[in-house]
Amino acid sequence: MNSIIVTLIGSAEVLVEKTPEERVRFVEDMTTEEVKEAEKLAAGHDSAEESIGVGDIVALQRTLEDRNDGKMEMYQYNRLVNGLPQQQIEDKLRIRRESSDPPGVAPALLGEVVMTMGVELRRANVNSLTVLDNGTLVSGLDDGHVQLWRRGELVKDVVHQGIVDTGGVDQVVSFQSSGVDVPAFATGGRGSIRIWSDDADSIMNIPSHSGTSPASLAIGSIPSNGQNGNIKVLASCFKVTRQINRNRFRLVPQDEAGRQRREAAELQEHAIQEALGRTSQCVQVWFYNCIGSDGVADGFGSEIISPSHGEDDISAMQNP
């Protein structure tokens with residue numbers, strides 16, 4: 001049997017194992033985002049966020065290294081975004097800032113279109129917009145989609161799954177705090193309220209009462225006598241979405257039993273409509289006291305405020 005002889009040529013020093021962070025990384029092994037980050041660090045910036053020039057509108061402004069596009073007019077950034085060259089956007093912001101009177105106070109909006117997003121995405125209208133704490137722009141569409149925009153790109157597209165499959169996202173509102181598994185924004189529509197993290201991961205789904213859907217959302221806080229500071233609040237009012245069947249009682253009953261069944265059905269329908277009417281006059285409030293040490297909300301409580309609520313009821317919420 002033939003043997004194989006292997007001869008090792010090189011240093012006799014002991015190989016020291018290095019951690020993945022300490023090992024040399026080659027460009028071929030890096031993603032596009034990692035390459036850009038490395039270039040920014042080599043240019044003397046501690047991070048990509050520090051290489052922003054005048055202003056930082058996260059949804060549409062790119063880093064300084066990405067602004068040398070050599071364009072002179074509106075052009076297509078990608079298949080979803082059209083906008084002015086980045087340098088022109090920064091120049092407009094600089095002029096706007098320098099013309100502020102008094103200094104440091106931003107003047108009125110310029111009223112100029114600098115970027116359009118979602119041009120070729122789908123035939124859907126934008127119903128609501130909000131901006132997260134990290135600057136990400138969130139849009140809610142009338143086909144149920146929720147989109148996150150950052151640095152002139154669509155970074156996430158998710159669907160608001162409600163208790164019905166029709167309708168769209170009517171409301172989008174943002175919380176003041178964000179993070180992993182921490183409420184960052186909420187969407188309302190399709191018969192439910194859904195709460196999301198800043199990465200558009202669904203944290204909680206709150207179905208509305210049967211036959212209704214959120215009509216409006218609001219975010220705020222109320223003082224608390226506890227040790228956890230102010231109570232974070234999400235409030236919603238509702239609209240009636242249940243469709244009435246106009247032909248249900250069109251036929252005339254032919255006997256006493258039929259008349260009794262129709263009378264019972266009419267009474268039931270009347271009771272349902274009254275209940276839906278009362279629901280549409282109420283405001284439902286969800287609240288949580290703080291974010292725990294693990295970065296997760298301690299939990300949501302709920303309270304329904306009807307037109308008959310008085311100041312004592314509101315005070316009870318402020319002092320749980």
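Tutor: Let us begin with the aromatic rings, keeping in mind that this is a predicted model; the structure holds two aromatic pairs.

Student: What makes Tyr75 and Tyr77 an aromatic pair, and why is the pair called stacked?

Tutor: Their ring centres lie 4.6 Å apart, and rings pair if their centres lie within 6.5 Å. The planes make an angle of 20 degrees, and since planes under 30 degrees apart count as stacked, that is the label the pair receives.

Student: Are these two tyrosines buried or exposed, and how do you know?

Tutor: Buried means under 20% relative accessible area; Tyr75 has a value of 18% and Tyr77 one of 13%, so both names carry the label buried.

Student: Which residues form the other pair, and what makes that pair stacked?

Tutor: Phe185 and Trp196 form it, with 6.0 Å from centre to centre and 10 degrees between the planes; the distance is within the 6.5 Å limit and the angle is under 30 degrees, so this pair is stacked. The pair links distant parts of the chain, because Phe185 belongs to strand 9 (residues 185-189) and Trp196 to strand 10 (residues 192-196), 11 residues apart.

Student: Why are Phe185 and Trp196 called buried?

Tutor: The relative accessibility of Phe185 is 0% and that of Trp196 is 3%, and because both values are under 20%, each residue counts as buried.

Student: Where does the charged end of Lys71 lie, and what makes that placement count?

Tutor: Lys71 lies over the face of Tyr75, at 5.4 Å from the ring centre, and this distance meets the requirement of being within 6 Å.

Student: Which residues touch the most other members of the largest nonpolar core?

Tutor: The core has 13 residues, and those touching the most other members are Leu60, Tyr77, Val81, Ile89, Val114, Met115 and Trp149. Strand 1 (75-78) and helix 2 (86-98) are the elements that give two or more residues to this core.

Student: What does Val81 touch, leaving aside residues up to four places away in sequence?

Tutor: Val81 touches Tyr75, Gln76, Met115, Thr116, Met117, Trp149 and Gly152. As for the general background, nonpolar side chains tend to be buried together in soluble globular proteins.

Notes: Residues numbered from 1 in each chain as written. Predicted model: local features only at pLDDT ≥ 70, side-chain atom pairs only at ≥ 80, totals over all residues. Heavy atoms only, no water. Phe/Tyr/Trp six-rings, centres within 6.5 Å; stacked < 30°, edge-to-face > 60°. Buried < 20%, exposed > 50% of the residue type's maximum accessible area, 1.4 Å probe, protein only. Helix = DSSP H or I, 4+ residues; strand = E, 2+ residues; numbered from the N terminus. Lys NZ or Arg CZ within 6 Å of the ring centre and 35° of its normal. Core = buried A, V, L, I, M, F, W, Y, C linked by side-chain atoms within 4.5 Å. Contact = heavy atoms within 4.5 Å.
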